[in-house]
Amino acid sequence: MSNFGESAPPRIDPRQLQDFLAVVEHGSITAAAANQFTGTSSVSQSIARLERRVGGRLFNRGRAGATLTARGRNLIDPAREALAALDRLVVEREFLLSAVPHLSVATTASLADDPTAVLLGALRSEVPNLRITISVPPGSSVADAIHPVMAGTADVAIMESPPTGVPGTRMVRLPDHKLRLVCPPGTPPPVGGVFIGEDLMRIGLVVAPRFETSDVYRHLRSIEPRIDHAFVMRSQHRDAFADFAYEGIGAVILELSSAERASERGCTVGEILELPPRKIAAVAKDGQNTQVVEHFLRLCAEQSARKL
């Protein structure tokens, strides 16, 4: 790493490598220039800059043309590999930005905002012409989100309580969701900031479809066996849950960032006794994916690494 105030050494221009290999192939700077329809001085200057960058002469120049030095011979394979790698990057980017690339995602309403919208927004900023389809998976369980992937009707599932060890699948763990209970304005704060089962029964809960198949439900049932009697409303409109709490319909369970925004509106927010964070993952088929899907999975892994 350069010290402050020092200029970094110039990068090797791919054109310099192309000129170098052209001279190798054609035996002289003059012949290489003619083959590339450029001037001899341009190729000569390009080779000179490359020699300064690698720290020594690449050719011995004479009447018979340009013969390779030992340094030059050692550069041939790395130059070819570097240009081939650059070609692969260009092809991949052109593929991602060409035609109309498409990504289909299966997820439940509870994950539509975070992380689904966040991840797809980041992906589309890198692939501007991407077309996206989001579907609600069939079935009555949160685990059913994987079925469209297995059936080939969705590229990726973003799901909670992801299964492990499913043959033919590849899973990328996403950051866990810390959850909070958001209650109507005027609800007395719980002792120590933690709600218990009796509080949930008294206030009432607004829940989403499939809630009974989630790890959150299993935990609530463990601390309050009567929890089913606390459900006052069920709604698919997850984006309105904070509004339901604000209007006094009942308490809702939201991820931390949404709960903080609800608190700013006057809702009472607290933890639920010993409630673990919600586990989330992106799941796709293993080894049968398009480049767009692979790009999305890499993005998921990168975002997770930054947050974990």
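Mentor: A residue is called buried when its relative accessible area is under 20%. Keep in mind that this is a predicted model.

Trainee: Which residues of H5 are buried?

Mentor: In helix H5, the buried residues are Asp114, Pro115, Thr116, Leu119, Leu120, Ala122 and Leu123.

Trainee: How many residues does H3 have, and how far does H3 reach?

Mentor: H3 has 15 residues and covers 21 Å from its first C-alpha to its last, close to the expected 21 Å. After H3 comes Gly55, with a positive phi near 85 degrees.

Trainee: Which residues of H3 are buried?

Mentor: Val43, Ser46, Ile47, Leu50 and Glu51 are buried in H3. Viewed down the axis of H3, the buried residues fall within an arc of 135 degrees, so they line one face of the helix.

Trainee: What describes two packed helices?

Mentor: Two packed helices are described by the angle between their axes and the distance between the axes. Here, H1 (residues 14-26) packs with H3 (residues 40-54) at an angle of about 110 degrees, and their axes are 9 Å apart. H1 and H3 are therefore roughly perpendicular to each other.

Trainee: Which residues of H1 meet H3?

Mentor: From H1, the residues are Arg15, Gln16, Leu17, Asp19, Phe20 and Val23; on the H3 side they meet Val43, Ser46, Ile47, Arg49 and Leu50. The residues of this contact divide into six nonpolar, two polar and three charged.

Trainee: Where does Asp13 lie?

Mentor: Asp13 is in the segment before H1. With 37% relative accessibility, Asp13 counts as partly exposed. Along the chain, Asp13 and Ser46 are 33 residues apart, while their C-alpha atoms are separated by 8.9 Å. Ser46 is also one of the H3 residues that meet H1.

Trainee: Is Ala145 buried or exposed?

Mentor: Ala145 is buried, at a relative accessible area of 1%. Its place is the loop between strand E4 (131-135) and helix H6 (147-151).

Trainee: Which residues is Ala145 in contact with, leaving aside neighbours within four places in sequence?

Mentor: With those neighbours left aside, Ala145 is in contact with Ala106, Pro137, Ala157 and Met159. For a separation along the chain, take Ala145 and Asp286: they are 141 residues apart in sequence, and their C-alpha atoms are separated by 16 Å.

How values were computed
Residues are numbered from 1 along each chain as its sequence is written. This is a predicted model: local features need pLDDT of at least 70, side-chain atom pairs count only at pLDDT 80 or more; totals for chains, interfaces and linings use all residues. Side-chain values use heavy atoms; hydrogens and water are left out. Axes are lines fitted to C-alpha atoms, for helices over the stretch in contact, and angles run from 0 to 180 degrees between N-to-C directions. Helices (H or I, at least four residues) and strands (E, at least two) are DSSP runs, numbered from the N terminus. Angles under 35 degrees count as roughly parallel, over 145 as roughly antiparallel, 65 to 115 as roughly perpendicular and the rest as oblique. Contact means heavy atoms within 4.5 Å. Ala, Val, Leu, Ile, Met, Phe, Trp, Tyr, Cys and Pro count as nonpolar, Asp, Glu, Lys and Arg as charged, and the others, Gly among them, as polar. The expected span of a helix is 1.5 Å times one less than its number of residues. Buried means under 20% relative accessible area, exposed over 50%, partly exposed in between (1.4 Å probe, protein chains only). The arc is that of the directions from the helix axis to the C-beta atoms.
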